[in-house]
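This report looks at selected parts of a structure.

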Amino acid sequence: MLPAILALLRKDLVHFRRDRASLILTFAVPFSLIYLMGQVNGLSRAHGPGRTAAASQIIGGWAMQFLLFALVWSANSLFIERDLGIFQRILSGPVPRSVILWSKFLYGIFLGVLQLLILFAAGQLLFQVNLLSHLPLLALACLAAAAACSSFGMLLAALSPSVEVARGLSTFCILVLSALGGAWFPIAFMPGFMQHLSRLTLVFWSAEGFRLALATPSTLAALLPGLEVLGGMTAVFLAVAWLRFERGKLFA
Amino acid sequence: MPPPPEPPALSLRGAAKRYGALTALAGVSLDIAAGEYFGLLGPNGAGKSTLMSLLSGFRAPDAGEVLVGGRAAAEPAARRQLGLVPQGLALYPDLTARENLEVFGGLHGLRGRRLRERAEELLEAVQLSHRARSAVKTFSGGMMRRLNIAAALLHRPRVLLCDEPTVGVDPQSRNAIFDLLGRIQREGTTVVYSTHYMEEAARLCSRIAIIDHGRILALGTVDQLMQRLPFDEEIRFPVSAATDGLCRDLGGAGELSTAEGLHRFRPAAGFRLSSFFLAAERREVPSRLFEIQRPTLEAVFLHLTGKALRQ
């Protein structure tokens with residue numbers, strides 16, 4: 001099963017490398033927005049420990065939103081591959097349906113970690129905030145966030161009956177999750193009940209992970225509870241997506 | 001003690017499939033021998049693609065069983081013996097021809113040098129070596145169809161399932177596909193070829209099943225299928241005001257059907273051709289309008305279903 005997963009993963013990576021639109025949407029657009037939001041919020045003029053927290057909020061929040069878009073679009077490509085007859089070809093071979101799920105999931109993790117780290121590195125360059133000295137913990141937080149976003153994309157694709165429904169549903173969910181999870185502004189600005197709701201979103205726990213990874217001092221112990229929540233969300237999303245893959249209409 | 005007989009390459013036993021209220025396959029039973037070039041002939045919507053999807057293990061039958069070399073089609077060991085050429089162009093348009101073959105070869109566990117060599121060999125076989133590094137989206141329809149077949153052959157399957165592999169291709173590519181499939185079959189691969197082109201089925205296949213509404217209506221060699229017809233020849237003449245009267249006069253003398261601007265008259269047993277031409281002369285229909293032909297598979301289909309194959 002592993003060679004089959006790697007063959008499909010390699011295909012997605014080659015495709016991504018060649019697709020200029022994906023490259024622009026994954027890196028250039030969020031980079032521009034992070035720069036803009038940093039300027040609006042006076043990040044380059046800020047001083048003291050609050051500066052790192054603000055950078056984490058702006059870079060992490062906007063990066064998460066675009067990561068969700070990138071990974072949900074990637075998951076939606078499942079419908080295109082199905083309609084091309086590619087699933088029929090793949091599944092006439094000696095591989096289970098789940099190779100398609102796992103290959104897309106791993107691709108999402110790879111893309112997500114790459115996108116988040118590049119955007120944090122860009123943030124360091126733009127705003128002279130020392131982010132990459134926290135690299136091991138930051139990478140761990142990025143990995144957990146990317147896994148949760150990737151599995152969320154798989155879940156939406158597995159639940160949607162068609163690519164049109166998947167696109168509409170995913171845009172709605174991403175915007176709600178981003179707003180509620182604190183991607184656009186700190187959740188401290190929200191009413192109390194919304195702050196509680198925020199804790200149900202993967203965006204909140206991802207942003208929390210970035211904040212704790214970039215805090216001084218930052219420790220794995222402080223990061224672990226958030227990673228566990230993201231890990232739990234990933235497991236639940238993937239389990240439901242896997243069940244739908246086995247029984248749903250994606251392969252009908 | 002003689003060795004046990006080899007199981008058929010493919011077997012269906014009462015295989016049925018429904019999609020909601022639609023019966024796509026209604027209890028089909030069929031054996032296809034190893035090395036056979038077997039044709040599935042029927043109009044669009046007859047159940048050919050459903051049958052292919054059951055044979056390939058992509059879908060499970062609602063009833064009955066599907067065996068590949070004696071094993072259930074859903075088993076990985078059975079699927080390793082199969083190569084599927086889907087009706088759609090199941091290729092990644094943004095990848096090159098070689099990259100496509102490497103992806104699909106990887107799904108069958110091929111790797112490294114073995115995979116690269118096999119991909120090159122197949123690109124050569126389908127005459128695409130010179131475009132190996134071009135994105136598939138830049139290919140003509142015929143080139144894509146050829147690559148679609150190559151992608152099914154990477155793991156040297158014992159059974160090749162071709163679901164309408166020549167739809168929309170130019171005659172040159174079509175002939176290249178026929179040559180390739182013929183060569184593969186001569187090397188011992190069982191080829192199952194579904195089509196709604198009777199000329200293709202008659203030209204390529206040693207045995208043909210005529211299928212419609214999810215049922216096999218007839219099965220045999222072209223000659224055996226022709227023997228099901230109660231007539232030896234078919235007279236074709238154009239639809240016109242002049243021939244309408246002749247058609248009325250022929251009532252009861254045989255089977256008469258009309259499709260694509262042509263009347264087709266198939267005389268009943270004992271009906272003399274001279275009687276036909278006498279009737280034509282009475283109606284003053286010139287004899288140059290008539291064309292007498294040996295009946296084709298289409299006539300068999302028409303005889304069995306009462307409708308033309310392309311309707």
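Predicted model: local features only at pLDDT ≥ 70, side-chain atom pairs only at ≥ 80, totals over all residues.

Strand 9 of chain B, residues 207–212, is mostly covered: five of its six residues are buried.

Strand 9 of chain B has pairings to follow up. With strand 3 of chain B (residues 37–41), strand 9 of chain B pairs in the parallel sense, over four bridges. There, B:F38 stands opposite B:R207. With strand 10 of chain B (residues 215–220), the pairing is antiparallel and runs over five bridges. Here B:D212 stands opposite B:R215. Strands 9 and 10 of chain B form a hairpin with two residues between the strands. In that hairpin B:H213 takes a positive phi near 50°.

Another part of chain B holds an open sheet. Four strands make up this sheet, in the order 12-13-11-14, with antiparallel pairing. Its edges are strand 12 (254–259) and strand 14 (291–293) of chain B, each of which pairs on one side only. From one strand to the next, the twist averages 25°. Strand 11 of chain B (residues 234–238) is joined to strand 14 of chain B by three bridges, and the two run antiparallel. B:E234 has B:Q293 of strand 14 as its bridge partner.

| Strands of chain B | Sense | Bridges |
|---|---|---|
| Strand 3 and strand 9 | parallel | four |
| Strand 9 and strand 10 | antiparallel | five |
| Strand 11 and strand 14 | antiparallel | three |

Now to chain A. Helix 5 (residues 98–127) and helix 6 (residues 135–159) of chain A pack at an angle of about 135°, with their axes 8 Å apart. That angle makes helix 5 of chain A oblique to helix 6 of chain A. Their crossing is right-handed. On the helix 5 side, the residues that meet helix 6 of chain A include A:L101, A:F105, A:G108, A:G112 and A:F120. On the helix 6 side, they include A:L138, A:C142, A:A146, A:G153 and A:M154. By class, this contact has 16 nonpolar, five polar and one charged residues.

How many residues of chain B are in contact with chain A? There are 26, and they meet 21 residues of chain A. On the chain B side, the elements that give two or more residues are helix 2 (76–79), strand 6 (82–85) and helix 3 (97–107). Helix 3 of chain B gives the most, with five residues. The chain B side divides into 13 nonpolar, eight polar and five charged residues.

One loop residue remains. B:R59 lies between helix 1 (48–55) and strand 4 (63–68) of chain B. Is B:R59 buried or exposed? It has 23 C-beta neighbours inside 10 Å, so B:R59 counts as buried; the cut-off for that class is 20 or more. Leaving aside residues up to four places away in sequence, B:R59 touches B:K17, B:S53 and B:L54. B:K17 is 42 residues from B:R59 in sequence, and the two are 9.0 Å apart in space, C-alpha to C-alpha.

Note on methods
Residues numbered from 1 in each chain as written. Chains lettered and ligands numbered in written order. Contact = placed C-beta atoms within 7 Å. Nonpolar A, V, L, I, M, F, W, Y, C, P; charged D, E, K, R; others polar. Pairing = 2+ DSSP bridges. Axes fitted to C-alpha atoms, helices over the stretch in contact; angles between N-to-C directions. Buried ≥ 20, exposed ≤ 12 C-beta atoms within 10 Å, placed from the backbone. Parallel < 35°, antiparallel > 145°, perpendicular 65-115°, else oblique. Left-handed = near helix turned anticlockwise from the far one by under 90°.
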